[in-house]
Amino acid sequence: MTPKHLFLIGFMGSGKTTVGKLLAERLNLPFVDSDKWIEERNGMSVGEIFETKGETFFREEELAFLDASKTLERSVISLGGGLPAIENSLELIHQVGKSIYLNVSLLTLIKRLKLEREFRPKLKDLSDAEFHPFVESLLSERVHYYKQAKLIMPNERNNPNELVEKIEKELAKLNF
Ligand code: S3P
């Protein structure tokens, strides 16, 4: 049977991992993270993959993950921020589950990401002057994909427990 996964999508720093783990716990489902899956398969961190094999290779791995997700038991899955922007990926996502977009404003993302810039391969080489415009432009390129999610949930306040409760209620309404 095709699994009915719950995919969390959204920009880096939108809270997918924290919220995903909590949601999985509440629903008694396994939690899976696409970045972790790729790291394990390649025996190196996402940062090392970007550096040694390049971003194009990483995006291919993200598609391989989506394909592999077809054979996973029903799970809550956190997807890397760039994955929904890969051509046809949303179609694949919606073949095997439903998507939830954690919607966070540009300014909040900037605040959160500033603190962890060095750990993020797409941000770590940017100068202070480049950082804000880069995030703004990448978010505006991607938001159109994120908004195709079945459920859009604001995550401005960074209160995962409260948000997970709201998500559960919305999922029940969708009979999911
Ligand atoms: C990326 C987001 C990261 C990771 C990689 C690229 C992106 O995942 O996949 O660094 O292009 O937005 P998170 O969104 O989980 O941080």
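The ligand sits in the largest pocket, a pocket being an open set of points on a 1 Å grid over the protein atoms alone with protein on both sides within 12 Å along at least five of seven lines, and a molecule sitting in one if more than half of its atoms lie within 2 Å of its grid points. This is a predicted model, in which local features need pLDDT of at least 70 and side-chain atom pairs count only at pLDDT 80 or more, while totals for chains, interfaces and linings use all residues. Residues are numbered from 1 along each chain as its sequence is written, and side-chain values use heavy atoms, with hydrogens and water left out.

**Ligand shell**
- Around the ligand there are 15 residues, of which K16, D35, R59, R120 and R142 come nearest, where near requires a heavy atom within 4 Å.
- The shell divides into seven charged, five nonpolar and three polar residues, with Asp, Glu, Lys and Arg counted as charged, and Gly among the polar ones.
- Both α3 (46-52) and α4 (55-69) supply at least two shell residues, and α4 gives the most, with three.

- Oxygen atoms of the ligand lie 2.5 Å from a side-chain N or O atom of K16 and 2.6 Å from a polar side-chain atom of R120, a polar contact being a pair of N or O atoms within 3.5 Å.
- At G81, a polar backbone atom is 2.8 Å from a ligand oxygen.
- Taken alone the ligand exposes 380 Å², and the protein buries 92% of that, by the Shrake-Rupley method with a 1.4 Å probe.

**Chain**
- The chain has eight helices and five strands, which are DSSP runs of H or I with at least four residues and of E with at least two, respectively.
- Its C-alpha trace spans about 45 × 35 × 25 Å along the principal axes.

Note on methods:
Polar contact = N/O pair within 3.5 Å; in protein donor to acceptor, adjacent residues only side chain to side chain. 1 Å grid on protein atoms, 1.4 Å probe; cavity = no way out; pocket = protein on both sides within 12 Å on 5 of 7 lines; lining within 4 Å.
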